[in-house]
Each structure stands twice: as C-alpha cells, then as structure tokens.
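Let's learn to read a protein model together, one feature at a time. Have the picture open as we talk.

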Amino acid sequence: MKRLWLGAGVAVAPVLFAVAMVAGRQAPDGGAMGEVAQESEQSQPIQFPHDTHAGQFLIDCQYCHFSAERSVDAGIPPVATCVGCHQAIPGRNDPAEVARVIEYHDSGTPIPWKRIYKVADHVKFPHMRHVAAGVTCQTCHGEVQAMGVLEEMAPEAGDLRMGWCVSCHLERGASRDCTVCHY
C-alpha cells in the first residue's frame, strides 16, 4: 500500500509543481503576473508635477487632498478640481498633459491614479487626527512640493512602518495604545 502511495506521489508531484508555477504567475484579477508587473512599472496616467503645483504655485496640499482634515483618507481630487484651475490658466506648463486632464473631464472618467503611499492593510491611518495634531503632510510624505511626478514613495518620506510611526508618537507624546492604529 505504501508503494502505491509513493508511486502516486512521484507521478503527481511534477503535475502539482507545474500547476503551482502557472497559478503563481496569475494575478488576483486573472491576468498574468508579467502584465501586472509591467502595469506597475508604467507611469501615472497624468504627469502631475507636485513641484509646480505645491512648490511654484504654493497650492496647499489640502486644496487637492480635500478630505485629509476630516476623514481617514486624504482624498484624490475629482477631475473637475483640476479643470477648474486649468480653465483659468489653460495650457499652462505642459499643454499635452493639461489636454489629457480635459479629455478625462469631458469623458466623465476619473483619472486612474496609481497609489503611491500605503500602509499595511491591518493598519489604520486617520489623516484627520494627524492634521488636527499639527503633523504636516511632509512629515510622512516627504518634501512633495519639491518633487516632480510621483512614481514611487519619496526616499526622504517616512518609511510608514510601525517602528517609524511609534518613534513619532513617542516624540510627540501621542498614544501608543495598539487600538489607536489597529482597529
């Protein structure tokens, strides 16, 4: 009986290995991993220069990230916010990118931004509490007003891991109760 199981195991092992290899190359949406990796390497849908908007024109972060002071999420501006400004200053800086913004607006399609900053799924980061405590956006996100198009998290930004966050809480005398961030 043991030989039968051993023989079956030897015969099935290569098949299971092949299935595991194929399954391992599938993305959660069913696409091939190569496609997902390729997609994540692509740039943002609009080459939005933070240094121009927040740096040169001194637009406050919360003008675009409107819900940071009252919500867990900072929010992404609707295309109408972008168009509102660019109708007043049409074609400013990069006319091709502004034209793409207008195309999204006219088609009624939200801009499919790629997320840059993200904490682990088991962590809650309530933006409104941090804004209310006087923590600047730059504390966690880095000097965004000096950055161009964000493709990945800024090297000078916080590492957004627990040790870094706990250090900040210690420095500011903020609660270190686990349920503050893990609920």
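A: Start with a general idea: angles under 35 degrees count as roughly parallel, over 145 as roughly antiparallel, 65 to 115 as roughly perpendicular and the rest as oblique. Keep in mind that this model is predicted.

Q: At what angle do helix 5 and helix 6 pack?

A: Helix 5 (residues 79-88) and helix 6 (residues 95-107) pack at about 130°, and their axes are 9 Å apart. The two helices are therefore oblique to each other. Their crossing is left-handed.

Q: Which residues make the contact?

A: Helix 5 brings Val 79, Ala 80, Cys 82, Val 83 and His 86, while helix 6 brings Val 98, Val 101, Ile 102, Tyr 104 and His 105. Sorted by type, the residues of this contact are 8 nonpolar, 2 polar and no charged.

Q: Which residues form the largest nonpolar core?

A: A core is a set of buried nonpolar residues joined through side-chain atoms. Here the largest one has 8 residues: Tyr 117, Cys 140, Val 144, Met 147, Leu 150, Ala 154, Ala 157 and Leu 160. A second, separate core has 7 residues, including Ile 46, Val 79, Cys 82 and Val 101.

Q: Is Arg 172 buried, exposed or partly exposed?

A: Buried means under 20% relative accessible area and exposed means over 50%. Arg 172 has 44%, so this residue is partly exposed. You will find Arg 172 in helix 9 (residues 162-172).

Q: What does Arg 172 contact beyond its neighbours within four places in sequence?

A: Its contacts there are Ala 133, Gly 134, Val 135 and Thr 139. Val 135 and Arg 172 are 37 residues apart in sequence, and 9.6 Å apart in space from C-alpha to C-alpha.

Technical notes. Residues are numbered from 1 along each chain as its sequence is written. This is a predicted model: local features need pLDDT of at least 70, side-chain atom pairs count only at pLDDT 80 or more; totals for chains, interfaces and linings use all residues. Side-chain values use heavy atoms; hydrogens and water are left out. Axes are lines fitted to C-alpha atoms, for helices over the stretch in contact, and angles run from 0 to 180 degrees between N-to-C directions. Helices (H or I, at least four residues) and strands (E, at least two) are DSSP runs, numbered from the N terminus. A crossing is left-handed if the near helix is turned anticlockwise from the far one by less than a right angle, and right-handed if clockwise. Contact means heavy atoms within 4.5 Å. Ala, Val, Leu, Ile, Met, Phe, Trp, Tyr, Cys and Pro count as nonpolar, Asp, Glu, Lys and Arg as charged, and the others, Gly among them, as polar. A nonpolar core is a set of buried Ala, Val, Leu, Ile, Met, Phe, Trp, Tyr and Cys residues joined through side-chain atoms within 4.5 Å. Buried means under 20% relative accessible area, exposed over 50%, partly exposed in between (1.4 Å probe, protein chains only).
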